[in-house]
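Look at the sequence and the fold, then read on.

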Amino acid sequence: MRLLIVGGSGFLGTELVRRASAAGRVTAATYCSARPDTAPPGVSWHRLDLHAPTQLDDLLGELAPDAIINATSGQSDWAVTADGSVRVAMAAARHGRRLVHVSSDAVFSGSRISYDESCPPDPVTPYGAAKAAAETAVRLLTPAAAVARTSLIIGHGGSAHERMVHELAAGAREGVLFTDVVRCPVHVEDLAAALLELALSDGSGMFHLAGPDALSRHDLGVLIARRDGLDTNRLPAGRGEGKSMALDVRLDGRATQERLGTRLRGAREFLQLP
């Protein structure tokens, strides 16, 4: 199995690269501005600008991967998050390559709270709209692809939310942790294992890769602080109501878990004190 991880220098991408390499997969990965300082030996790294339509064809022609995992995130930059994902899907289709596309719970508004794999997107943010557009394009261009929606990704202090908790506890940044913004966090190791399982399978359609625990951002911050020995009283709380964001979005992944061997742990389990 030859694997190409698009966005291999990101938080999720780094774990995908590490895990794929450790499993003995022939692994190639892309980066945009800088490759990681530390990376497993034997991984080939390639600079990729998703704004450039011909680079992907050249790269797939050179590497001939069996499967591609698109783990990029351009946030609300439509040219990367939406258009870039379209280019990846088009290139995968032209070269006949297996595609696993990573999407997000940001495609949902929170109006119905619980969302299973059959729910259509109804985004309320620019990032969510870009992710929803990417999903539609991927499913049209590569019907055999797996589209994997996920939620807040946590793991070993390296995620954006974990860094925010530390900075708030230290008084190094302004802001609050919302008590009414609810998500279903997933550990980066579990998510990477599930994505690699999908890459090795022929499963197609929509998958929900999130943990079973629904937690507010503040409750999640408290768990992180307790794990890391921080003063939970220093974590400021606030409400997201009235702001331009989805509030309560819970990915129901029970149907996905029945199709996968990888178990996705809840945050209360993977953040428990040692």
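C184 is buried, at 4% relative accessibility; buried means under 20% relative accessible area, exposed over 50%, and partly exposed in between, with a 1.4 Å probe and protein chains only. This is a predicted model, where local features need pLDDT of at least 70 and side-chain atom pairs count only at pLDDT 80 or more, while totals for chains, interfaces and linings use all residues. Residues are numbered from 1 along each chain as its sequence is written, and side-chain values use heavy atoms, with hydrogens and water left out.

A disulfide needs two cysteine sulfur atoms within 2.5 Å. The whole structure holds 0 disulfides. C32 is partly exposed, with a relative accessible area of 44%.

Next, the charged pairs. Side chains of opposite charge can pair when their charged atoms come close. A salt bridge here puts a side-chain nitrogen of Lys or Arg within 4 Å of a carboxyl oxygen of Asp or Glu. The count comes to 16 salt bridges, among them these:

| Salt bridge | Closest N and O atoms |
|---|---|
| D66 and R2 | 3.7 Å |
| R149 and E135 | 2.8 Å |
| D248 and R250 | 2.8 Å |

D66 and R2 form a salt bridge. D66 sits in the loop between helix 2 (53-63) and strand 4 (67-70), and R2 in strand 1 (residues 2-6), so the pair ties together parts 64 residues apart in sequence. Helices (H or I, at least four residues) and strands (E, at least two) are DSSP runs, numbered from the N terminus. D66 is partly exposed at 30% relative accessibility, and R2 is partly exposed at 35%.

R149 and E135 are both buried. D248 is buried, with a relative accessible area of 16%. R250 is partly exposed at 34% relative accessibility. E15, R18 and R19 are linked in a network of salt bridges.

Now helix 7. Of its 13 residues, 10 are buried. Among them are V188, D190 and L191.

L271 lies in the segment after helix 10 (267-270). Is L271 buried or exposed? L271 is buried, at 2% relative accessibility. Leaving aside neighbours within four places in sequence, L271 is in contact (heavy atoms within 4.5 Å) with I154, L220, L223, I224 and R227.

Finally, M90 is in helix 4 (residues 83-95) and is partly exposed at 35% relative accessibility.
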